[in-house]
Amino acid sequence: MRPYAMGLQEIVFGLSRQKKAALYRNLAASVGAGMNMPRALELATTELSASVQRDIQESLREGLPLHEIWMRYPAYFSAFEIAMIQAGELSGDLDGNLLDLANMLETEQQRYSELRTQLTYPIILIHAAVLIPALPIFFANSLKQYLFTVGGFLVLLYGVAFVVWLLGRLSRLSDGIGLVMCSFGNVLPVWGKMRRQEAQGHFMECFARLVDSGVLADQSVAIAAASCGNIVLADSLKQLSEQISDGVKLSYAMAQSQIFSSHIVAMISTGEETGQLGPMASKAANYLLDEAGTQRKRFLQIVPVMILLLVGLVVGFQTITVFDGYIRTIRDLF
């Protein structure tokens, strides 16, 4: 596949969820109305740079399907989006999958907006905890000394936040960084369980669509594995595809892998026995995503408390630092 050299701005900032949701919604409407793909993409990708738009049209002229074109822009489109588009192309319901992607992205944007809202007050407290306790330095010494004192804490806080954000962006472009980030995130309390359940839910959702469209189970697992957005889980799921190709039942392979809970394995086993594998996989996806939503609410409850504890530590450290300086000054006088 011909690579596309993405610029620094594209790598760092990517494409917002709102813009992608609008892109998928417009593309779904055009495809559903019977418009040819080149014209549909021309109308839907107006938010992308001119060079990317030209590259997309050139890829279409080369005969590449949409999901392969999207694979050329990892800074823009996630593995889940690419797999969902591939599932839509295979099932003949591309416009339906595009519309589902738009709805998912809008829901995800709403969740992140809620997270930012809930973190606003704790973040303000963190800044207050850094700035206010050090005010005696400003009155007793100078503005320069005050800025030097608080600047060290703020640079550290902003530096850590920037590094985490940057690694999150680069993890989509580098498998090595992505593997490290996923491995670390998977073991975190609450957050790790939430991310694993979301990844499993995305896998099941894409798998259900592929099976319903007539794709063989082993091929469906291989394609859907890329949609989970978790490199560690994706590698394990690809092994399931190899076992199914050798004649092993999906439910048995899932049970042996210990990736999914016994409840999910039982649902898939029921689907295999009744010939309703697709619908049961869809129900499993809904269950997993609902459980991930529950974990997300717990996470949103825990994070503000952790930040408040951090504020207490910062205030205590700042207070000790300031008064330690006063005590030393008094000792020097006597």
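Phenylalanine 260, in this predicted model, is in contact (heavy atoms within 4.5 Å) with Gln200, Phe203, Met204, Leu237, Met254 and Val265, when its neighbours within four places in sequence are left aside. Phe260 is also among the residues that touch the most other members of the largest nonpolar core, a group that includes Tyr24, Ile56, Trp70, Met204, Leu237 and Met254 as well, the core having 64 residues. Helix α11 (residues 191–212) gives the largest share of this core, eight residues. A nonpolar core is here a set of buried Ala, Val, Leu, Ile, Met, Phe, Trp, Tyr and Cys residues joined through side-chain atoms within 4.5 Å, where buried means under 20% relative accessible area, exposed over 50%, and partly exposed in between, with a 1.4 Å probe and protein chains only. Helices are DSSP runs of H or I with at least four residues, strands are runs of E with at least two, and both are numbered from the N terminus.

The model is a predicted one, in which local features need pLDDT of at least 70 and side-chain atom pairs count only at pLDDT 80 or more, while totals for chains, interfaces and linings use all residues. Residues are numbered from 1 along each chain as its sequence is written, and side-chain values use heavy atoms, with hydrogens and water left out.

Helix α2 (residues 17–32) has 16 residues and reaches 22 Å from its first C-alpha to its last, close to the 22 Å expected at 1.5 Å a residue, the expected span being 1.5 Å times one less than the number of residues. Its buried residues are Lys20, Ala21, Leu23, Tyr24, Leu27, Ala28 and Ser30, and they pack against α3 (37–44), α5 (66–70), α6 (79–91) and α7 (94–131). Just after α2, glycine 34 takes a positive phi of about 90°.

For helix α9 (residues 143–170), with 28 residues, the end C-alpha atoms are 38 Å apart, in agreement with the 40 Å that it should span at 1.5 Å a residue. This helix bends by about 30° at glycine 151, the bend being the angle between axes fitted to the seven residues ending there and the seven starting there. Tyr146, Thr149, Val150, Leu154 and Arg169 are the buried residues of α9.

Glutamine 258 is found in the loop between α14 (250–257) and α15 (262–274), and its phi is near 60°, a positive value in a residue other than glycine. With a relative accessible area of 70%, glutamine 258 is exposed, whereas cysteine 206 is buried at 0%.
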